[in-house]
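Please open the model in a viewer and keep the sequence beside it.

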Amino acid sequence: MSIDLDKLMNETKFDIWQQLLEVPANYQYTKGVEYVKSYEYDTFNAELYIQNNGPGTVQRVLKTMPKDFSGKLPAVVVPFYFPEAMVGFDLETLEDLPKFSEIAMCKDLAERGFITITADAYHLTYCPEDKSDRLDFERWQRAGEALLKDHPQWCGCGKLTADTRLLIDMLEKDERVDADRIGIAGHSLGGKMAFYTGCLDKRIKVILASDFGINWDQTNWHNVWYWGDKVKKLQSAGLEHSQLLAMAEGKPFMLLAGLYDNMASFDTMQNSNAYEPGSEDLIILNHATGHRPPDEALNAGYRFLEKYLKNQ
């Protein structure tokens, strides 16, 4: 059974978004987490876990934290392709990952006094028998097609959001975390995951997203691992991401624009009508230097998180 938007047209836009993204009824499994190993590095520590994230599948989960601390800390969920990318090096060999070292949000935020959490994305977990390179985009294609075949009424964005919400569950149960001070941050694919999860999950208090292309025509929402062919139906039904942001009810949101996002993205943000004009809770920083945010932009984003998660 596929999504029939015609049957949803009597619903509000909010209800439609909820129904399109919610986990299918036949997607049942027992939730569980298993501790694997701890790591000590020069400027932060880390813990590796295995978490059930679907019928017969698991995701590797990495938590990072400051070297020494007491009491409960604020936390940030950092979704992305795989955990090593968000610390910038191989956990075991310490070999640098140059492709990701400049956007190592988990490492950066742990050094700033946050507990963070990140995990493998579903291109690595949904088809565990696929042994191709984790950076191979054909792997995303195969995983997206498999998900659509198994759950035609669902979508990749729904799966990405469901897996990310599992990370919030883990933070809530961690006695070292202040569950009232949890934010979310992500770049590119991670920005999409941060935006969707942050808008839908009330446990998230602040959203930082980098260059994910908030408008339908700004990036690859049409790929099967996101929305696939459903994008055209969403557009014809009048669904826009400003409505999803409205569901966040004025939650602080900062967008780092660089290539796929630009000032047209800010127009969409303002169209949510959830923020007063000039609100400091709705910010775009358009560095316009390309897809990867420079250090000054990332640091501005980190300060935005600190403003709402530390300065309370």
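Rings of Phe, Tyr and Trp, the last represented by its six-membered ring, form a pair if their centres lie within 6.5 Å; planes under 30 degrees apart make the pair stacked, and planes over 60 degrees apart make it edge-to-face. The structure on display is a predicted model, and a search of the whole of it finds 27 aromatic pairs.

**Aromatic pairs**

Select W17 and W216 to begin. Their ring centres are 6.3 Å apart and their planes stand at 15°, so this pair is stacked. W17 belongs to helix α2 (residues 13-21), while W216 lies in the loop between β7 (207-210) and α8 (230-236), so the pair ties together parts that are 199 residues apart in sequence. Both W17 and W216 are buried.

Next, select F195 and Y196. Here the ring centres are 6.1 Å apart and the planes make 75°, so the pair is edge-to-face. F195 counts as buried because its relative accessibility is 0%. Y196 is buried as well, with a relative accessible area of 1%.

**The nonpolar core**

Which residues have the most contacts inside the largest nonpolar core? They are Y196, W227 and F253, in a core of 104 residues. Select W227 and display what surrounds it: leaving aside neighbours within four places in sequence, W227 is in contact with residues including W17, Y196, W216 and W221. Among the other contacts of W227 are L20, L21, C155, C157 and L234.

**Charges over rings**

Select W221 together with K192. K192 lies over the face of W221, at 4.7 Å from the ring centre. For a second example, turn to F114 and K310: the charged end of K310 sits over the ring of F114, 4.8 Å from the ring's centre.

**The sheet**

Now show the strands as a cartoon. They include an open sheet of nine strands in the order β1-β2-β3-β5-β4-β6-β7-β8-β9, with mixed pairing. Its edge strands are β1 (33-40) and β9 (282-286), each of which pairs on one side only. On average, neighbouring strands of this sheet are turned by 20° against each other, direction ignored.

Select β2 (residues 45-54) and β3 (residues 57-65). These two strands run antiparallel and are joined by nine bridges. Within them, N45 stands opposite M65 in β3.

Helix α6 lies across β1, β2, β3, β4 (73-77), β5 (115-119) and β6 (177-187), and runs at about 130° to β2.

**Strand β8**

Bring back the strands on either side of β8. β7 and β8 run parallel and are joined by four bridges, and L208 stands opposite M254 in β8. β8 and β9 also pair in the parallel sense, over five bridges, and there M254 stands opposite I283 in β9.

Definitions and conventions
Residues numbered from 1 in each chain as written. Predicted model: local features only at pLDDT ≥ 70, side-chain atom pairs only at ≥ 80, totals over all residues. Heavy atoms only, no water. Core = buried A, V, L, I, M, F, W, Y, C linked by side-chain atoms within 4.5 Å. Buried < 20%, exposed > 50% of the residue type's maximum accessible area, 1.4 Å probe, protein only. Contact = heavy atoms within 4.5 Å. Lys NZ or Arg CZ within 6 Å of the ring centre and 35° of its normal. Pairing = 2+ DSSP bridges. Axes fitted to C-alpha atoms, helices over the stretch in contact; angles between N-to-C directions.
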